[in-house]
Amino acid sequence: MTLTIENAIQQAEQTWHRLGVDKAAAAEMAEELLADLVAAADDGRSVTDYIGGDIEALATSWAVERGLLPVQQRCLKETAIAAASGAALPALFAVLLCWVSWSHILDPCSGWGAAPGGEALGCRATVDAWWMWAGWALCAAAAYGLVLRSVSCALDNNLAAGRDATRRELVKTLPIVVVAAALAGGGIGLLGAVVFGYFVIVAFPVALAAMPAVVAAGAAWIRYRSCPPVDTIS
């Protein structure tokens, strides 16, 4: 059966409706497709020749390129998982630095008890050590690069709608997310020190889980903002 212009437009509109493309955007693309097909017919080209024989594939790729497909929960979940996987290793190294500081492997403390003058002795975390701050800075930089790369690969593998817009938003906003994750991990450590004292080690695994979780939530939020569901677009 020969594919006519009317049939091609109808199949394209059905495809866009099935994919959840906004009606106004679908109508605009249908008008453009109609104009292109008419121009191709004037040049002596058939509809099948112009669209390559697969109108559904053409309509889908067109909607993807324009970022018109709604963000589904599955896409947000995959973005969050990719972000968490990218942040996991830097978070582990950051926690290891905290453990080294807490355990005083590099700077043995003076011990417990009281000094001759009555001043209490004790072990304190070396948060003022240069290697601590340098290590945290490297972990933050590594987290930024790894998360950006991991999320970008996930978006490309899934041919996600609006992936370029999401990448641009990640480049701008991800540093804030990484800082928020670091603050969350540090806050858990400080709270653990107050609550558990010397046994603050129990807070380390909680901080390790919290930092990738914050990054995952932040990346999913960025993805949602950069490519929201079509029914929320004004």
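A disulfide is defined here as a pair of cysteine sulfur atoms within 2.5 Å. The views show a predicted model, in which local features need pLDDT of at least 70 and side-chain atom pairs count only at pLDDT 80 or more, while totals for chains, interfaces and linings use all residues. Residues are numbered from 1 along each chain as its sequence is written, and side-chain values use heavy atoms, without hydrogens and water.

View 1. Zero disulfides are found in a search of the whole structure. The cysteine sulfur nearest to that of cysteine 139 belongs to cysteine 98 and is 8.9 Å away. Cysteine 139 is buried, at 11% relative accessibility (buried is under 20% relative accessible area, exposed over 50%, partly exposed in between; 1.4 Å probe, protein chains only). Cysteine 153, at 38%, is partly exposed.

**View 2. The largest nonpolar core.** This core, a set of buried Ala, Val, Leu, Ile, Met, Phe, Trp, Tyr and Cys residues joined through side-chain atoms within 4.5 Å, has 27 residues. Among those with the most contacts inside it are Ala83, Val147 and Leu170. H5, H6 (130-157), H7 (163-196) and H8 (204-226) each supply at least two of its residues; these helices are DSSP runs (H or I, at least four residues) numbered from the N terminus. H6 gives the largest share, nine residues.

**View 3. Leucine 170.** Not counting residues up to four places away in sequence, leucine 170 touches Tyr144, Leu148, Val151, Pro175 and Ile222 (contact means heavy atoms within 4.5 Å).
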